[in-house]
Amino acid sequence: MNVLHIHLCDSEGLGICLDSVPEAMRLPNAYTKAQIGEMVALADVLGLELIPEFDVPGHSGRLLKSLPQLRCTVDHEKHTSPWTVCAGKEAVFELLEKVVAEICELFPGKFFHMGGDELDFADAPKINQLCYWDICPDCKKRMEEEGLADRSELYYYFVKRIHAMVTRQGRRLVMWSEQMDADKEELLPQDILMQFWRIAGRGRGPVHSCSMRQQLERGYEVINSYYPETYIDVESYISEEKLRSWRWDTRPECDPRDAHRILGSELCCWEYGNEGSYPHYWTSLPSGIMLMADKLWNGDELPDDREYSEALTRAVLGIGVPEKFNLWPCFGGLIPPRTGKFNVYEDTVTATKIEREEVLAVLSDERRFAPNDFRRACAYKARLEDAPLDIPEPGVEPED
């Protein structure tokens, strides 16, 4: 886990202050260039590779609001869901050339991530068409000029333009891969690093021809971030139970002869503007990151014993905690709940009331912790205090 992939831009806006795009694109509290400089310096000390991402052509809602001239030329009274930049207007590529250059100047490293995912949600009710390339006269003209047969080939053209920009900056392009049709005779450049996260749903992409296995068979290197097993947003995705047996090079299934082209995986977390959902990351990410790092380091089955739980507690909270201190029996698992409906897994909590009070006392002792460790300790403490449990003391029969 020596890479940090930062999704800087999405339809809600831009999380970084760039000179190449309008200020109206910025989200509140966007990273300043000075803060990015501090982040880069810290990453250098820690030995981390930073991969910045600017997501296009989809996920461009705020960009199109700020620069409506980059929209496709369609009746926007009828088509009311701006999502995808126009692939026919040269102004789009002129802007992206500046964006790529500015971000690469801020983030030294080997990679640049263009996003490239989710051009459409044609299967979803009450959502208008999000990509207008089929009906936009500018896109049609581009297809005619370039000899492109359909929207899929126009997408490949778009990616190749970004690939050229990134290559000029001396970087390697990374992209989400569910829009790539591995059955096509002419593919994208082989040096693109494909980030696999799903097979596209019907109405959302190639469906049967964008699996991780197919991308590997066509010779691409891949990051395996299959969402049901690497996304930590909610319990229905990654879980302690899944993670124990998961390997990046066997799930999803692939030909063992191609497994060497899977460079690894990443723990993915997403949140856009819903501050009520932020707090769980204070308690789910620390152990989630450690557990995923352990899996990616050696691929072995994760141990299921007290010694491992104690070591994980110390890794998350620092060396100031007492010997044999174990946080996880209070939560009922090594990755605390994420849905917000509950603070602990009540069915699997094994700590007694006395043990829980002892844990709360340690978490309250600021003298034990470094500042960031104490912030995490306070987050764990708050979740436990908000989850009163009727746990009987050892040897005491519960009342009817």
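The sheet here has 9 strands, and it is open, in the order β3-β2-β1-β4-β5-β6-β7-β8-β9, with mixed pairing. Two strands count as paired if DSSP finds at least two bridges between them. Strands are DSSP E runs of at least two residues and helices are H or I runs of at least four, numbered from the N terminus. At the edges are β3 (26–31) and β9 (262–264), each pairing on one side only. On average, neighbouring strands of this sheet are turned by 30° against each other, direction ignored.

This is a predicted model, in which local features need pLDDT of at least 70 and side-chain atom pairs count only at pLDDT 80 or more, while totals for chains, interfaces and linings use all residues. Residues are numbered from 1 along each chain as its sequence is written, and side-chain values use heavy atoms, with hydrogens and water left out.

Strand β1 (residues 3–10) runs parallel to β4 (residues 49–56), joined by 6 bridges. One of the bridge pairs is L4 with L50 in β4. Helix α1 (residues 33–46) packs on the sheet and touches β1, β2 (13–16), β3 and β4; contact means heavy atoms within 4.5 Å. The direction of α1 makes about 45° with that of β3. For these angles, axes are lines fitted to C-alpha atoms, for helices over the stretch in contact, and values run from 0 to 180 degrees between N-to-C directions. Helix α5 (residues 151–168) also packs on the sheet, touching β4, β5 (111–115) and β6 (172–176), and its direction makes about 145° with that of β6.

How many of the residues of β6 are buried? The count is 4 of 5, so that strand is mostly covered; buried means under 20% relative accessible area, exposed over 50%, and partly exposed in between, using a 1.4 Å probe and protein chains only. β6 pairs in the parallel sense with β5 over 3 bridges, and F111 has R172 of β6 as its bridge partner. Another 3 bridges join β6 to β7 (residues 193–196), also parallel, with M175 partnered by M194 in β7.

Next, F158. Leaving aside neighbours within four places in sequence, F158 is in contact with V56, P57, V85, A87, V92, F93, L96, M114 and W133.

Last, confidence. pLDDT is the predictor's confidence in each residue, from 0 to 100. The protein chain averages 91, and 92% of the residues score at least 70. Over residues 392–400 pLDDT stays under 50, and the model has 4 contacts beyond four places in sequence for them.
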